[in-house]
Amino acid sequence: MSKIDYNLKKIKAFVFDVDGVLSPATVPMTEDGMPARMVNVKDGYAMQLAVKHGYKIAIITGGTGKSLVLRYKALGINDVYMGSSMKLPIFEKWAADNQLDMSEIAYFGDDIPDYECMKTAGLSVAPADADIDIKSVARYISPVTGGYGVAREVIEEVMKANGDWLSTEKAFGW
């Protein structure tokens, strides 16, 4: 029985913000003023496994940087939208292009730029340290803080509900 109050068998896709969700909200800066983001390898494992099982994944972030594209492409994620100041139009177009109903999408966000997408997605997920306004529209608030496994937690729950977690040899490698 999942702790997430949603029919997880409906989920076919995951959409993630980066800063505060896939990386901690506090990000060190390099000397050239670029964020030096951390990533969670367990999140990465779950994301690449979900892709191998046919789940759609997109990244929609206000952040920029070549490292973001390289990281997510290496996991098999091709839909990476950076510098996104208004996320909802991108989210809606991506869903339409992938023939997905909003009820089939889990959206992960932590701050005000994610608000509209969180209200639109079927399953909206916030990390424990998300903004209070985001928590007010989140269907599920993870006990995990941003950057420390919130993606892994929910992807694993969805894949277990659908019989995809550890179900084939795909699970035992990258």
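**Reading the model**

Guide: Helices (H or I, at least four residues) and strands (E, at least two) are DSSP runs, numbered from the N terminus. This is a predicted model, in which local features need pLDDT of at least 70 and side-chain atom pairs count only at pLDDT 80 or more, while totals for chains, interfaces and linings use all residues. Residues are numbered from 1 along each chain as its sequence is written, and side-chain values use heavy atoms, with hydrogens and water left out.

Visitor: Is Gln-99 buried or exposed?

Guide: The terms rest on relative accessible area: buried means under 20%, exposed over 50%, and partly exposed in between (1.4 Å probe, protein chains only). Gln-99 has a relative accessible area of 73% and is therefore exposed. Leu-166 is another residue other than glycine with a positive phi, near 55°. Leu-166 is found in the segment after α6 (150–161) and is partly exposed, with a relative accessible area of 47%.

Visitor: How should I read the burial of residues along a helix?

Guide: An α-helix has 3.6 residues a turn, so residues three or four places apart point the same way. In helix α3 (residues 87–97), the buried residues are Lys-87, Leu-88, Phe-91, Trp-94 and Ala-95. Seen down the axis of α3, these buried residues fall within an arc of 130°, so they line one face of the helix. The arc is that of the directions from the helix axis to the C-beta atoms.

Visitor: Which exposed residues does the face of α3 turned away from the buried side carry?

Guide: That face carries Lys-93, Ala-96 and Asp-97.

Visitor: What do the buried residues of α3 pack against?

Guide: Contact means heavy atoms within 4.5 Å. The buried residues of α3 pack against the strands β1 (13–16), β2 (56–60), β3 (79–81) and β4 (105–108), and also against helix α4 (115–120).

Visitor: Where does Met-159 lie, and which residues does Met-159 touch?

Guide: Met-159 lies in helix α6 and is buried, at 0% relative accessibility. Not counting residues up to four places away in sequence, Met-159 touches Leu-49, Ala-50, His-53, Tyr-55, Asp-164 and Trp-165. Met-159 and Leu-8 are 151 residues apart in sequence, with their C-alpha atoms 8.3 Å apart. By contrast, the C-alpha atoms of Pro-113 and Asn-162, 49 residues apart along the chain, are separated by 30 Å.

Visitor: What share of the contacts in the protein chain joins residues 24 or more positions apart?

Guide: Among contacts with a separation of 6 or more, such pairs account for 56%.

Visitor: How may I describe the protein chain as a whole?

Guide: One may begin with its order of elements. The protein chain has 6 helices and 6 strands, and along the sequence they follow the pattern β-α-β-α-β-α-β-α-β-α-β-α. Buried residues make up 49% of its 174 residues.

Visitor: How does the radius of gyration of the protein chain agree with that of a compact globule?

Guide: The radius is taken over C-alpha atoms, and the globule rule is 2.2 Å times the number of residues to the power 0.38. For 174 residues, a compact globule would have a radius of gyration near 16 Å, and the 15 Å of the protein chain agrees with this. Along its principal axes, the C-alpha trace spans about 45 × 35 × 30 Å.
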